[in-house]
Every structure is written in C-alpha cells, then in structure tokens.
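Okay, thanks for coming, everyone.

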Amino acid sequence: MFPSQVQTLNMSTTSSSSIWLLSCRKLKFFNRIRRFLHSKAARKQYGSSASDHSNKLRIVNNTDEVEDLVVEKTESELDGSMALQKSVKRLHFGSWEEKEMAAKAIEKLAKEDVKVRKLMAELGVIHMLVSMVDTEVVGRRLAAIKALIELADGTFTNKELMLEAGILSKLPKDIDAVDDQTRHEFAELLLSLSSISNTPFSLAKTEVLQFLIAILESATSIETKETCLGVACNLSAVLENARPLVSNGTVHTLLKLSSFKELSEKALAALGHLVLTLMGKKAMEDSSMVPESLIEILTWENKPKCQELSAYILMILAHQSSTQRDKMSKAGIVPVLLEVSLLGSPLAQKRAMKLLQWFKDERQAKMGPHSGPQTARIAIGSPLHPREAQEGKKMMKNLVKQSLHKNMEMITRRANAAGDSSNLKSLVLSTSSKSLPY
C-alpha cells in the first residue's frame, strides 16, 4: 500500500471516530438535560416525600445504567427500522412467499405505534396488501387481511387509502368458498372501516351488504355473526345508508337474529336506527314477525338491554298508528307491558308505562266520555228493563275483575322465578283499578 493511501485511510478513520465521539457527547448532553427535567418534575410532584425523591435521583443518576438503556433503545430502534425497510422491500419486489412473510412482519410492526402505521402508508404498503387480498392462496390472503386490520387501527387516513385502493371489491362473492377464519377477518376489517364518518366512499354497497347478509344467514360462528352485526349497526347509524340496507333485505335478517339472545342486542340496536326512517319503519310494519317477536323479547328478564331496545322500537311503531296498536293489543302486549313496568329496568319501565298510557287513552277515546263500560244502543220502542240493565252492569263488572285477576296471576307466576312473589302481589293489590289500562 502506498504512503498516500495509508494517510488517506488514517484521515478517514480519524474523521469517523471524531464523528462518533461527537455523537456520544451529544447523547450524554441530552441525557443530562432529560435527567434534569425529570428530577425537577419529580421534586414538584413528590416534594413531601424527601426520602423517596432522593432514592429516585440516585437511580436516575446512575450514568452507566442510563447509557446502557440508551444504547439498547437505540439498537432496538435500529433493528425495527431495518426490519421495516426489509419488509417493505420484500412486499414491493419479492416473490409471493416473500410477500407473505413481509405481510406477517408488517402486522407485528403495525401493532407497536400509530406513527409506524402512518409511515407504512406513506411507503405504499396499503395498496400492495389490498392487491394481495385478491389471491386465492388462503395463508397469503389471511396475512394481508390481518396486516390491513392492524394498519387501519386508529388512523383515518389509512382507512381512506384502503377504500381508495378498492378493498370493498375484494370481498368474496361466494361465502361457501372461504373458510370461517377468513370470513371473520374480513368482518373485522369491515367493522374497522365502517367506524369512520364523513367519508366520500360509501360502505353500504351491494357487495358489502350481500357479504354481510350471506354471513348472517349462514352457519357461521356466533363471534363472526356478532362482528357483522356490529358492521350493520355502524352502517345503519348513517341516514344515507338506510335505503340500500332496507332494499337489500337487512330488516328481515335483523328481525330473525333478534330472536337469538346471543345476537339480539346488536340486531335490535341496528333496527332501532332503521325504524327512525320511513323505509325502515314501513319494512318492519309489513313484516310478519312484528310485533310478536318484539313482544317476546320484552319477556326476557335476564336481558334488560334487549327489553329496553324492544320497547323503544315498539314505541316508534305504535306512535300515531292505531293499526299497529291494534296488532300489538291482539298479540297480547298489555299484560307483558304491565309486567315490564313493574319488574323491568328503569328505562324499560318508563317506556312500558308510556305504551300503557297510549293504550289506556285509546281505549277511553273509543268508550266515549263515560268512564264505565258502554252498553249497546237500544232501538226506540223497546225500552230496557231496569233489572236487565242491572244484570248487564254486574256481568261487565265481573268480567273486569276476572281480567285483572288473570293478569295478576300471570305476573305473579313469572315473578315467582325471581323470588319476589310476595312484594309483587302487595304492589299489584295496592294499585288502583283506575290506573290500569285494561
């Protein structure tokens, strides 16, 4: 080696070592500043406990340990940065096997920090993962979907990029062609995407709704169906989505699932959103399951939230609709409402009492201004005998007593299961007959 080359090598080595020393000095300087700020904050916060404060200062002032921690943190950050670069490079330019491995690595890295997720989006990771979802290889598709789920967590921008990349068009057309795990992962991704609002992309598309309804009506696991119901609940909360949801038969599916106690709460929540729209209310009014299925839910004493939601939907249907109130009355809603008004949760009691008041007001309006039962009109020229009139009044009085006694027995029989029979009987017997709607 020539002397000039040796001299150049020595100069470069000296320059790199000087840069390293300068970096170490800067690192120690900032560590001292940080320790000073930490100690100052600790003095303000723990001024009363001097001994604990001194112990903390002694631990912080251990320079060797702090420098080791800084070095370890720097190395871990370097390792994470290298892993990220390697994964992104494999995802863009590697083979299909390397892309699958990169997707799994990206899933792990995305769990760590929101900043990492945003950085990955800037590196074009999302579009590549969305394109991988279209593959027919099960493992590769699952790796891409799981990575997208992690990337969508807590970032509005990433969700927008997924919708822009056409993730909704990648949903499987035939549910039977995919396994239950893939269905569940797709449902989880849709649940995350459906939580965003004020987006120019409509999630209530035909392919999405068909996918949801197909899963809800298939022999899929309860967990997957519950996730799909969460998607339906999010979509139904947006007014513009009501028309496509109703036109695709979502109301009928939700009414069927509301009869299952494991799924009823979320199904009723979605129905509670849709019943506020004209199309949703009309679909429920025309359904053969209404009001019987909703009245049945009112009897679920161990599901107070379901009782509250069912009573809410029944209130909306019965409001300013004598036809619906007649259907409910014929289906036997009054004794059930009376039971809920006595044994239900505070909110369910309030809604049940409101419905009972409507039925009472309607009955009094039909009876006319008199408080007693109305007799049939008598033709002119055939006056009613006083004895017959007295017997008619006695018969009607007996009928009213029998009806009240029957309702009380029904309520007492159901309350016996909860062990509160004596209190309930005293409460019912102390109630005036004028306060009862029937």
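Let's start in the core. The largest nonpolar core has 91 residues, and the members touching the most others are Met 120, Leu 129, Leu 148, Leu 151, Met 162 and Ile 167. By nonpolar core I mean buried Ala, Val, Leu, Ile, Met, Phe, Trp, Tyr and Cys residues joined through side-chain atoms within 4.5 Å. Buried is under 20% relative accessible area, exposed is over 50%, and partly exposed is in between, with a 1.4 Å probe and protein chains only.

Quick caveats: this is a predicted model, so local features need pLDDT of at least 70 and side-chain atom pairs pLDDT 80 or more, while totals for chains, interfaces and linings use all residues. Numbering runs from 1 along each chain as its sequence is written, and side-chain values use heavy atoms, with hydrogens and water left out.

Back to Met 162. Leaving aside residues up to four places away in sequence, Met 162 touches Ile 126, Leu 148, Leu 151, Ala 152, Ile 167, Leu 189 and Leu 193; contact here is heavy atoms within 4.5 Å.

Now the helices, which are DSSP runs of H or I, at least four residues, numbered from the N terminus. Helix α4, residues 96–110, has its end C-alpha atoms 21 Å apart, which agrees with the 21 Å its 15 residues should span at 1.5 Å a residue. That expected span is 1.5 Å times one less than the number of residues. Buried in α4 are Lys 99, Glu 100, Ala 102, Ala 103, Ile 106, Glu 107, Leu 109 and Ala 110.

Val 116 sits in helix α5, residues 114–122. Why does Val 116 count as buried? Because its relative accessibility is 19%.

Over to α17, residues 304–318: 15 residues, reaching 21 Å from first C-alpha to last, close to the expected 21 Å. α17 is mostly covered, with eleven of those 15 residues buried. After α17 comes Gln 320, with a positive phi near 55°.

Last stop, the cavity. Helix α10, residues 206–216, gives the most, four residues.

Technical notes. Helix = DSSP H or I, 4+ residues; strand = E, 2+ residues; numbered from the N terminus.
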